[in-house]
Every structure is written in C-alpha cells, then in structure tokens.
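Reader: I would like to go through this model with you, beginning with a loop and ending with the surface. Shall we start?

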Amino acid sequence: LLAFTRLSEDGRSSVTLSTLYVGTRLDTSNSTLGQYMLLNLSGTYQATERVQLFARLDNITNTFYEEVLGFGVPGFGMYSGMNVTW
C-alpha cells in the first residue's frame, strides 16, 4: 500500500491518493490467483465546526480481480456522506 495525502493550508480539507499492489499468490485449492493493482482516491472537507463532508472513489480503473478463486469483487465504486456532531 502506498498513499499520498495533501492537506489544505487552512487545514479544512484533505485529499488522499492510494494504490495497492497484490502479487500472484496461491488460493487454498492451490490455484494461482493473478496479480492486481488498485487505485483509490478519498477526501474530506470541514464545512463548519460541526459538519464534515467526505467522498471516496474505490478501484478508479475498474480493475477486475479475485481475492478468492471464483468470487469477483465490486468494480469502480463511489461513496460520499456527511458527519454531523453536536
């Protein structure tokens, strides 16, 4: 896993770009699973003292891979939300 994070000068926002490389490996059935690399992007923004917005993009390149032989995983995913404290 390799990640780079950039904070804004005022400290209210951050952006993180990460990549994960997994090499060839054996499954429990002694079948070989191929290598893959994932690219992800996430960010946060502190809108007010009590409201934080966040977003995440997973598997930006829509890479197909298997963590277990015969079971695929989701492709590109996009998530966002808001944290509110009081």
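Reader: Which backbone nitrogen does the side chain of Asn59 reach?
Author: The side chain of Asn59 reaches the backbone nitrogen of Thr63, at 2.9 Å. A polar contact here is a pair of N or O atoms within 3.5 Å; within protein, one must be able to donate a hydrogen and the other to accept it, and residues adjacent in sequence count only if both atoms are side-chain atoms. The model is predicted, so local features need pLDDT of at least 70 and side-chain atom pairs count only at pLDDT 80 or more, while totals for chains, interfaces and linings use all residues. Residues are numbered from 1 along each chain as its sequence is written, and side-chain values use heavy atoms, with hydrogens and water left out.

Reader: Where does Asn59 lie?
Author: Asn59 lies in the loop between E6 and E7. Strands (E, at least two residues) and helices (H or I, at least four) are DSSP runs, numbered from the N terminus.

Reader: Is Asn59 buried or exposed?
Author: Asn59 counts as buried, at 4% relative accessibility. Buried means under 20% relative accessible area, exposed over 50%, and partly exposed in between, with a 1.4 Å probe and protein chains only.

Reader: What is Asn59 in contact with, leaving aside neighbours within four places in sequence?
Author: Asn59 is in contact with Leu38, Leu39, Asn40, Tyr65, Pro74, Gly75 and Phe76. Contact means heavy atoms within 4.5 Å.

Reader: And what is the phi of Asn59?
Author: Phi of Asn59 is near 50 degrees, a positive value in a residue other than glycine. Asn62, found in the loop between E6 and E7, also has a positive phi, near 55 degrees. Asn62 counts as partly exposed, at 48% relative accessibility.

Reader: What about Asp58: which strand does it lie in, and what does it touch?
Author: Asp58 lies in strand E6 and counts as buried at 19% relative accessibility. Not counting residues up to four places away in sequence, Asp58 touches Leu39, Asn40, Gly75, Phe76, Gly77 and Tyr79. Asp58 and Ser42 are 16 residues apart in sequence and 8.3 Å apart in space, C-alpha to C-alpha.

Reader: Now the surface. Which residues make the nonpolar patch?
Author: The patch, of about 740 Å², is made by Leu2, Phe4, Val15, Leu17, Leu41, Ile60, Phe76 and Met78. The elements giving two or more residues to it are strand E1 (2–7) and strand E2 (13–22). Areas come from the Shrake-Rupley method with a 1.4 Å probe, and for residues only the protein chains shown count as cover.

Reader: Where does Ile60 lie?
Author: Ile60 lies in the loop between strand E6 (51–58) and strand E7 (66–68). Ile60 is partly exposed, with a relative accessible area of 32%.

Reader: How do E1 and E2 pair?
Author: They pair in the antiparallel sense over six bridges; two strands pair if DSSP finds at least two bridges between them. The bridge partner of Phe4 in E2 is Leu17. E1 and E2 form a hairpin with five residues between them, and Gly11 in the turn has a positive phi of about 75 degrees.

Reader: How many residues of E1 are buried?
Author: The count is zero among its six residues. Leu2, found in strand E1, counts as partly exposed at 46% relative accessibility.

Technical notes. Patches are made of residues with over 30% relative accessible area and no salt bridge: like charges are joined within 9 Å, nonpolar side chains (Val, Leu, Ile, Met, Phe, Trp, Tyr) within 5 Å. A salt bridge is a side-chain nitrogen of Lys or Arg within 4 Å of a carboxyl oxygen of Asp or Glu.
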